[in-house]
Amino acid sequence: MHVFGIVLVTIVATVGVGYWWLSHYVFPDNFEPVTLNASEQNSLNSKLNTLGIDTQGGGSGGRLKPEPYSEEGASREVRFSERELNGMLANNTDLAQRLAVDLSDNLLSALLLVPLEEDFPVLGGRTLRVNAGVELSFANGRPLVKLKGVSLMGVPIPNAWLGNLKNVDLVNEFGANPGFWQSFAAGVDYIQVEDGQLLVRLKE
């Protein structure tokens with residue numbers, strides 16, 4: 001009976017873990033889109049309008065008036081909360097239930113659900129769960145960007161498969177040559193990611 005009890009508990013535990021893994025990684029539910037309240041939506045609209053993004057779906061309807069260009073009094077800071085970022089994703093019907101962003105201290109994480117075609121080998125018709133994390137901070141007068149890792153269905157991808165880019169300072173590695181990373185670093189005066197908040201300050 002003692003041995004039977006151990007075997008029974010092992011079977012139950014295995015089935016339970018298998019069910020959790022299948023429901024969490026192989027057949028995950030879509031995300032619940034973030035819905036901003038009126039105050040949060042007004043705050044987000046104000047930030048987007050400041051960046052020149054029309055949030056009124058076509059503008060006010062009036063004719064544009066010419067005006068002289070000026071940077072006087074213009075803010076060079078871009079600040080978004082985690083809820084605002086996910087709220088913007090919720091406005092995109094293709095991404096609303098497929099992508100979620102998390103902000104914690106010096107870390108931006110993304111969770112993406114990728115539906116696979118029916119003719120895809122082995123996993124056809126299922127949804128692939130992808131996790132990724134990127135360290136974002138500011139040190140020694142320049143932004144620091146490091147890929148912390150990527151996981152598929154809860155299994156971390158080997159660093160070799162990621163081009164050995166895990167924990168590599170991408171700005172330091174590629175910023176010496178003309179291109180995206182050099183331009184990115186040259187234009188950022190400060191960047192900070194903390195729990196629930198993203199702040200980017202641009203240079204003149």
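Modeller: Let's start with the five strands that form an open sheet in the order 2-3-4-5-6, with antiparallel pairing. Keep in mind that this is a predicted model.

Biologist: Thanks! Which strands stand at the edges of that one?

Modeller: Strand 2 and strand 6 (155–156) do. Each has a single partner strand, so one side of each is left without a neighbour in the sheet.

Biologist: And what holds strands of a sheet together in general?

Modeller: Strands pair through backbone hydrogen bonds, in a parallel or an antiparallel way.

Biologist: How many bridges join strand 3 to strand 4?

Modeller: Nine, with strand 3 covering residues 107–115 and the two running antiparallel. One place to look is Pro 115, which stands opposite Thr 127 in strand 4.

Biologist: What about strand 4 and strand 5?

Modeller: Those two pair over 10 bridges, again in the antiparallel sense.

Biologist: How many residues lie between strand 4 and strand 5 in their hairpin?

Modeller: Two residues lie between them, and Asn 140 in the turn has a positive phi of about 55 degrees.

Biologist: Then how is strand 5 joined to strand 6?

Modeller: Two bridges join strand 5 (residues 142–152) to strand 6, and the pair runs antiparallel. Leu 152 has Val 155 of strand 6 as its bridge partner.

Biologist: How many bridges join strand 7 to strand 8?

Modeller: Six, and the two strands run antiparallel. For an example, Ile 191 stands opposite Val 200 in strand 8.

Biologist: Let's go inside. Which residues have the most contacts in the largest nonpolar core?

Modeller: Leu 85, Leu 103 and Leu 198 do, in a core of 19 residues. The elements that give two or more residues to this core are helix 2 (38–50), helix 3 (82–90), strand 2 (99–104), helix 4 (170–174), strand 7 (188–194) and strand 8 (197–202).

Biologist: What is Leu 85 in contact with, leaving aside its neighbours within four places in sequence?

Modeller: On that basis, Leu 85 is in contact with Phe 80, Val 101, Leu 103 and Leu 198. Apart from this core lies another one, of eight residues, including Leu 128, Val 150, Met 153 and Ile 157.

Biologist: Glu 84 sits in helix 3. Is Glu 84 buried or exposed?

Modeller: Glu 84 counts as buried because its relative accessibility is 5%, and the cut-off for buried is under 20%. A polar atom of the Glu 84 side chain lies 2.9 Å from the backbone nitrogen of Ser 81.

Biologist: Last topic, rings! How many aromatic pairs are there?

Modeller: The count comes to four. One of them is the tilted pair of Phe 138 and Tyr 190, at 5.5 Å centre to centre with 55 degrees between the planes. This pair links distant parts of the chain, with Phe 138 in strand 4 (residues 127–139) and Tyr 190 in strand 7, 52 residues apart.

Biologist: Why is the pair of Trp 181 and Phe 184 edge-to-face?

Modeller: The planes of those rings stand at 85 degrees, with the centres 6.0 Å apart, so the pair is edge-to-face; the cut-off is over 60 degrees. Trp 181 and Phe 184 are three residues apart in helix 5 (residues 180–187), separated by about one helical turn. Ring pairs also bring in Phe 180, linking it with Trp 181 and Phe 184 into a cluster.

Terms used: Residues are numbered from 1 along each chain as its sequence is written. This is a predicted model: local features need pLDDT of at least 70, side-chain atom pairs count only at pLDDT 80 or more; totals for chains, interfaces and linings use all residues. Side-chain values use heavy atoms; hydrogens and water are left out. A nonpolar core is a set of buried Ala, Val, Leu, Ile, Met, Phe, Trp, Tyr and Cys residues joined through side-chain atoms within 4.5 Å. Buried means under 20% relative accessible area, exposed over 50%, partly exposed in between (1.4 Å probe, protein chains only). Helices (H or I, at least four residues) and strands (E, at least two) are DSSP runs, numbered from the N terminus. Contact means heavy atoms within 4.5 Å. A polar contact is a pair of N or O atoms within 3.5 Å; within protein, one must be able to donate a hydrogen and the other to accept it, and residues adjacent in sequence count only if both atoms are side-chain atoms. Rings of Phe, Tyr and Trp (its six-membered ring) pair if their centres lie within 6.5 Å; planes under 30 degrees apart count as stacked, over 60 as edge-to-face and the rest as tilted. Two strands pair if DSSP finds at least two bridges between them.
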